[in-house]
Amino acid sequence: MFNLEGGNARLVSTGGSARLEQALADSVKMGLSLNYQQLGFPVAILGNSTASGGVFVGNFAGERRTEHLYGFGFDTTFDFSDLLRARLLYNFARRDSTIPVFTFNNNRASLIFEFGRRNDAKGRPF
C-alpha cells in the first residue's frame, strides 16, 4: 500500500501520539491513547499501479496521495499475580486519503493474557 509509485521510498510522515495511564488500584490500570499521522507521497501514481490485493488505482494516475491517520484506544490491565496479567483493549483507526480507495475505518478489540515477568526498562527508552 505504501509503495505504489514504482519504487517510491520517499514517503514523508509527520504526526504525534499521546498516552495517559492511571492506576485505579494495585492490580488495575486504565489507559487512553490518541494518535495522528499525516503521510505525504511526493511521486504521483503511475497508470499501471495497484494497491494491496491487486486493486487497480490507475484511474488516479498523475495524482499525489496525502493521507491522514487518526486513532484512539483504551485499555484495562488486571494483574492477578506477579506472573499472570490480563489486558482488555479497544482500538479505533481511521485513514482518510485523497484517493478514495485507501479510505477506511478499523475497529479492533483484544483480550490478552500474559504469563511471566517483565524486566524493568533501564536507560533510554529508544
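**The sheet and its rings**

Guide: Five strands form an open sheet, in the order β1-β2-β3-β4-β5, with antiparallel pairing. Strands here are DSSP runs of E of at least two residues, while helices are runs of H or I of at least four, and both are numbered from the N terminus. Two strands pair if DSSP finds at least two bridges between them.

Visitor: Which strands are at the edges?
Guide: The edge strands are β1 (12-25) and β5 (104-115). Each pairs on one side only. From one strand to the next, the twist averages 10 degrees. For such angles, axes are lines fitted to C-alpha atoms, for helices over the stretch in contact, and the angles run from 0 to 180 degrees between N-to-C directions.

Visitor: Where do these coordinates come from?
Guide: This is a predicted model: local features need pLDDT of at least 70, side-chain atom pairs count only at pLDDT 80 or more, and totals for chains, interfaces and linings use all residues. Residues are numbered from 1 along each chain as its sequence is written, and side-chain values use heavy atoms, leaving out hydrogens and water.

Visitor: How many helices does the protein chain have?
Guide: The protein chain has zero helices and five strands.

Visitor: How many bridges join β4 to β5?
Guide: Twelve bridges join them, and the two strands run antiparallel. R85 stands opposite E114 in β5.

Visitor: New topic. How many aromatic pairs are there?
Guide: The structure holds four aromatic pairs. Rings of Phe, Tyr and Trp (its six-membered ring) pair if their centres lie within 6.5 Å; planes under 30 degrees apart count as stacked, over 60 as edge-to-face, and the rest as tilted.

Visitor: Why is the pair of F72 and Y90 tilted?
Guide: The ring planes of F72 and Y90 stand at 55 degrees, so the pair is tilted; the centres are 6.1 Å apart. F72 lies in strand β3 (residues 66-79) and Y90 in strand β4 (residues 84-97), so this pair ties together parts 18 residues apart in sequence.

Visitor: Are those two buried or exposed?
Guide: F72 is partly exposed, with a relative accessible area of 34%. Y90 is partly exposed too, at 23%. Buried means under 20% relative accessible area, exposed over 50%, and partly exposed in between (1.4 Å probe, protein chains only).

Visitor: What about F72 and F92?
Guide: F72 and F92 form a tilted aromatic pair, 5.6 Å centre to centre with 35 degrees between the planes. This pair links F72 in strand β3 with F92 in strand β4, 20 residues apart. F92 is partly exposed, with a relative accessible area of 22%.

Visitor: Which residues form the cluster?
Guide: F72, F74, Y90 and F92 form one aromatic cluster.

Visitor: Now D75. Where is it?
Guide: D75 sits in strand β3. D75 is buried, with a relative accessible area of 11%.

Visitor: What does D75 touch?
Guide: Not counting residues up to four places away in sequence, D75 touches R19, K29, M30, G31, L88 and L89. Touching is a contact, meaning heavy atoms within 4.5 Å. The side chain of D75 also makes a polar contact with the side chain of R19 (2.9 Å). A polar contact is a pair of N or O atoms within 3.5 Å; within protein, one must be able to donate a hydrogen and the other to accept it, and residues adjacent in sequence count only if both atoms are side-chain atoms.
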